[in-house]
Amino acid sequence: MSNHSEHVVSPKLYAVILGALLLGTYLTVQAAKVDLGRWNIVLALTIATIKMSLVILFFMHGKYSSRRTQLVIISGFFWLAIMLGLTLTDYTARKPEPSRSGNPPALAIHRA
Amino acid sequence: MHRTGELYGQYKTLEQQKETATLGMWIFLVTEILFFGGLFLTYTINRHQFPTAFGVGGNMLSLPLGFANTVVLIASSFTMAMSVWSAQTSKKKLVPLFLIATLVLGTVFLGVKVVEYKQKFDHHIVPGRNFDVTYCAKNPASVCGLTEKDHEDEIKEVREGVEAEGGEIALNAHAQLYFSLYFGMTGLHALHMIVGAGLLLWLILESRKGRFDANYNTPVENIGLYWHFVDIVWIFLFPLLYLINRHLA
């Protein structure tokens, strides 16, 4: 009995995704060489997130998975967002901002 | 474990049986996302705290090697996807070929990683008692195998780092934090690659017996999911570790 419901992604589409991922890698390196200030990291993470989405949707067949499996995938990132988001809200709000040199107050111990 | 893809009693259809396996694999991968997530969180907090030291550390990594490895790993994800396609379309002869290609690319990645780690020992940037992020700047260019220009950039950058961090001790302390995270994160990633290589080896042996086809390919599909996940981790590690301050160099 053959499993007809299984979605088969064509090699052509896989090749397109491969090309997009390689292009993304090239772009992220080029983007890093330009000084964009705080936007460097935003751009780098945006490109990485797009690359990740392509891998999940096509290489990992996320686009063709059952709704149940898709829910599990999304839940993983939902929990990750809670972990990162809530911890960083705390870290950025609780401690005093680092001085302009980037040193935290604790560094006085090192210098003494 | 079912060897031929027959229907087990607790399932109504083969389709349901397969979906259950995929779902289980994804639940495992969700725990992996959170596992690596903790390290990414640690990285973020410390980079936020010590941006200069992280920049100095990041620029000491080899961009050509990191870039090459990213390309190699992405290519291995493609060959892995192609082996899943070969199994799904019952091209039984192609399955082991694409798996072998994946294993070879994975091994190349680990080999390049070994070369990179060796460099870190030579440059005294492995956390521990011999750690000295100023080692390459203080010694002649030839000691770290740098070109004159790279050596000058290195000296300039380390000097700026010392200034910004308020002393060499502070710069070393915080650069050491960066390299601890570098080895921790790339090390855990490499460990996943080694596990993946072992799984691939098993898949290659099984697929040569012609076990995987359109009826039954769950192991190829699920080990593929694992391999792609490890690729995704690297997609984030590469910009976060290698590309922090490249516009300075």
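**Conventions.** I number residues from 1 along each chain as its sequence is written, with chains lettered from A and ligands numbered from 1 in the order in which they are written. Since the model is predicted, local features need pLDDT of at least 70 and side-chain atom pairs count only at pLDDT 80 or more, while totals for chains, interfaces and linings use all residues.

**Chain B overall.** I looked up the secondary structure and found that chain B comes to eight helices and zero strands, where helices (H or I, at least four residues) and strands (E, at least two) are DSSP runs numbered from the N terminus. The C-alpha atoms of chain B fill a box of roughly 70 × 35 × 30 Å along the principal axes. Of the 249 residues in chain B, 41% are buried, a residue being buried if 20 or more other C-beta atoms, placed from the backbone, lie within 10 Å of its own. I also noted that, among contacts in chain B with a separation of 6 or more, 77% join residues 24 or more positions apart; two residues are in contact if their C-beta atoms, placed from the backbone, lie within 7 Å.

**Helix α4 of chain B.** I checked the length of α4(B), residues 94–122: at 1.5 Å a residue its 29 residues should span 42 Å, and its end C-alpha atoms are 43 Å apart, which agrees; the expected span is 1.5 Å times one less than the number of residues. Among the buried residues of α4(B) I list B:F98, B:L99, B:L103 and B:F109, and the buried residues of this helix pack against α3, α7 and α8 of chain B. Just after α4(B), B:H124 takes a positive phi of about 60°.

**The largest nonpolar core.** I then turned to the core (buried Ala, Val, Leu, Ile, Met, Phe, Trp, Tyr and Cys residues joined through C-beta atoms within 7 Å). The largest one has 81 residues, of which B:A81, B:Y178, B:V233 and B:L237 touch the most other members, and its largest share, 17 residues, comes from α8(B). Leaving aside neighbours within four places in sequence, B:L237 is in contact with B:M185, B:T186 and B:H189.

**The A–B interface.** I find 50 residues of chain B in contact with 49 residues of chain A. On the chain B side, α1(B) gives the most, with 17 residues. By class, that side has 30 nonpolar, 14 polar and six charged residues, with Ala, Val, Leu, Ile, Met, Phe, Trp, Tyr, Cys and Pro counted as nonpolar, Asp, Glu, Lys and Arg as charged, and the others, Gly among them, as polar.

**Helix pairs.** The axes of α2(A) and α8(B) come within 9 Å and cross at roughly 170°, which makes the two helices roughly antiparallel. Axes are lines fitted to C-alpha atoms, for helices over the stretch in contact, with angles from 0 to 180 degrees between N-to-C directions, and angles over 145 degrees count as roughly antiparallel. In this pair, residues including A:A44, A:K51 and A:F59 of α2(A) meet a set in α8(B) that includes B:H228, B:D231 and B:F236. Within chain A, α1 (residues 11–32) and α2 (residues 39–59) pack at about 170° with axes 10 Å apart, so α1(A) is also roughly antiparallel to α2(A). The residues of that contact divide into 14 nonpolar, three polar and one charged.

Definitions and conventions:
Angles under 35 degrees count as roughly parallel, over 145 as roughly antiparallel, 65 to 115 as roughly perpendicular and the rest as oblique. A residue is buried if 20 or more other C-beta atoms lie within 10 Å of its own, exposed if 12 or fewer, and partly exposed in between; C-beta atoms are placed from the backbone.
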